[in-house]
Amino acid sequence: MPDKPIIDVLKEKLGDMIKSIDQPRKRRIYLFVDRDDVQDAARTIFYDMGGRLCTASAIDTPQGVEIIYHFYLDHDQMMVNLKTLAPRPDLVTKSVGAVFKAAEWIEREIMDFFGVKFEGHPDPRKLLIADDFPEGLYPFRCDYPQREVEGFKPYINEPPNPDETCEM
Amino acid sequence: MKETIIPIGPFHPLLEEPELFVLRVDGETVVDVDLRIGWNHRGIEKLSQGLTWDQVPYLIERICGICSTSHPYACVLAMEDILDMEAPPRAQYIRPVVGELERIHSHLLWFGLAGHFIGYNTVFMWAWKYRELVLDSLERLTGNRNHYAMFKAGGVRRDFSDEAMDFTMKAMDEVEKAVKMFLGVALDDPVLHKRLKGVGVLTYEDAIQYSAVGPTSRPSGVDHDVRRDDPFDAYGPAFEAGVWKPIVLQDGDVFAKAACRILEMLESIKIIRWCIENMPDGEIDAGVTEIPPGEGCGHYEAPRGEVFHYMRSDGTGYPVRHKVRAPTYNNLPTYKATCPGAHIADVTLITASIDPCYCCTERVGIVDKYNNYRSVKQEYLTKLSVEKTLALKRDLGLVTWDPYAKLLK
């Protein structure tokens with residue numbers, strides 16, 4: 001186990017970047033930084049503290065899209081969740097994929113599903129979404145229409161025809 | 001330089017996860033590789049946000065037919081993280097048994113397929129024969145060969161019967177013998193040494209840079225295992241009792257990845273035995289009825305690496321956000337580091353070496369510099385791989401039966 005609690009190490013290394021920090025459970029830390037500081041904070045956690053990027057989650061909130069980078073510090077047995085916000089209306093943030101390669105794919109996925117722009121992303125192509133998916137539609141936003149929209153018809157199986165008989 | 005582009009994929013009728021690999025080759029050497037996924041995005045995260053907390057583990061189980069314990073395990077750990085609670089003791093010992101049996105059957109499946117890809121069909125048949133024993137144990141313990149529906153927040157749904165546990169202990173004796181035989185067969189075989197050593201090396205730096213997980217990164221010297229580093233349920237006490245240890249190797253090539261998986265099966269057998277022997281009596285369910293507002297993360301060491309689930313609750317009956325990350329998502333980009341420089345006959349092996357719910361080489365189109373397109377089937381790549389193994393065998397004078405002998409004369 002480390003000599004010093006990880007939450008103190010984080011406060012020391014990140015300093016003023018931290019807007020809020022909390023340790024609700026024994027092995028979980030949640031901290032919030034501004035979108036301009038997210039690259040520096042991620043660099044410190046990944047390279048200096050030996051954090052392994054598990055993944056990143058995005059959540060559509062009224063203020064904007066909240067992005068959480070989940071790091072796990074294997075040697076210190078601590079999960080550090082680095083939160084940032086891409087505020088409305090422009091939904092722009094800095095790319096962590098430019099700092100280390102592990103974040104590239106997940107940021108491309110968040111681009112597809114939430115329409116967040118990551119400044120400085122090395123390879124901002126579509127990853128999961130279809131190439132002919134209409135522009136300006138983001139499936140994981142709260143305002144995404146649940147039914148078919150103009151210009152894009154989801155594939156629907158035809159209902160079976162009751163007149164058709166099946167011969168054995 | 002004459003460069004050829006080989007797209008592999010995206011559709012394969014046998015396995016899930018269509019993927020497209022675009023290989024740039026110079027002669028027979030891979031220069032660069034590009035990946036494209038997303039042909040089969042099922043929107044499970046979005047679906048999960050419309051289900052009640054009790055329904056979510058059933059849906060999550062359907063993510064993967066092979067890891068049908070790992071996803072619900074991580075999911076209920078995330079829920080228990082929100083609740084800040086632990087399952088009752090008996091449930092804590094039941095869960096790892098199911099999880100480790102799943103690891104053994106998944107690794108045996110991979111080992112058989114890997115044997116098939118390099119032309120060792122006997123290995124394929126032996127591995128799958130013993131996998132059947134593991135599936136039988138799972139059927140007796142949980143009621144199903146797959147999709148066990150055992151997990152719920154705060155416990156498990158069904159108890160183990162004594163007969164089923166006896167059967168599992170006997171089955172583990174058989175499986176242990178088989179795994180030790182595989183270990184001897186695989187690790188002492190001169191052909192496998194020549195065929196797999198030094199192929200598709202993932203360096204320690206690349207494994208860190210891509211945050212690779214599980215049996216893809218541990219053979220590269222990255223010492224991590226979620227079961228030890230974030231101890232939950234019976235894994236923590238079992239590790240402290242010295243029952244098992246994570247398998248960390250140093251070479252990072254396909255051989256090390258194969259060895260890592262075989263050695264992990266032996267560790268899994270030890271965990272299963274220890275859990276069944278020390279199984280406490282008592283309740284199996286804490287009776288969780290609602291999830292309070294909050295957010296939680298759960299992760300579990302699946303056969304292919306760490307499965308990660310993030311859940312957020314606002315106190316209603318449904319999750320507000322449910323993020324799922326499967327291990328292959330982190331492991332696939334490592335091809336960019338392992339494929340360049342490899343021989344094209346080795347690409348099948350390298351792709352198989354991370355065990356990516358292997359799916360992508362049914363239809364292969366080959367495009368040369370002049371945009372001539374020809375399409376071949378998966379057998380073509382497998383044949384290339386088999387021929388390379390045979391050539392090595394001929395060099396070593398170990399060929400007992402050679403299907404291409406007539407052609408060579």
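Mentor: Quick definition before we dig into this predicted model: a helix here is a DSSP run of H or I, at least four residues long, numbered from the N terminus.

Trainee: Where do the buried residues of α1(A) lie around the helix?

Mentor: Buried means under 20% relative accessible area, and Ile6(A), Ile7(A), Val9(A), Leu10(A) and Leu14(A) of α1 are buried. Look down the axis of α1(A): these buried residues fall within an arc of 160°, so they line one face of the helix.

Trainee: Hopping to chain B, is Leu396(B) buried or exposed, or partly exposed?

Mentor: Leu396(B) sits in helix α15, residues 378-396. Among its contacts beyond four places in sequence is Lys194(B), which is 202 residues away in sequence but 9.9 Å away in space, C-alpha to C-alpha. Buried needs under 20% and exposed over 50%; the relative accessible area of Leu396(B) is 37%, so Leu396(B) is partly exposed.

Trainee: How many salt bridges are there between chain B and chain A?

Mentor: The two chains bury about 3600 Å² between them, with 40 residues of chain B in contact with 44 of chain A. One salt bridge joins the side chains of Arg52(A) and Glu306(B), at 2.9 Å from N to O. Between chain B and chain A, the salt bridge count is nine.

Terms used
Residues numbered from 1 in each chain as written. Chains lettered and ligands numbered in written order. Predicted model: local features only at pLDDT ≥ 70, side-chain atom pairs only at ≥ 80, totals over all residues. Heavy atoms only, no water. Buried < 20%, exposed > 50% of the residue type's maximum accessible area, 1.4 Å probe, protein only. Helix = DSSP H or I, 4+ residues; strand = E, 2+ residues; numbered from the N terminus. Arc of directions from axis to C-beta. Contact = heavy atoms within 4.5 Å. Buried area = accessible area lost by both parts, 1.4 Å probe. Salt bridge = Lys/Arg side-chain N within 4 Å of Asp/Glu carboxyl O.
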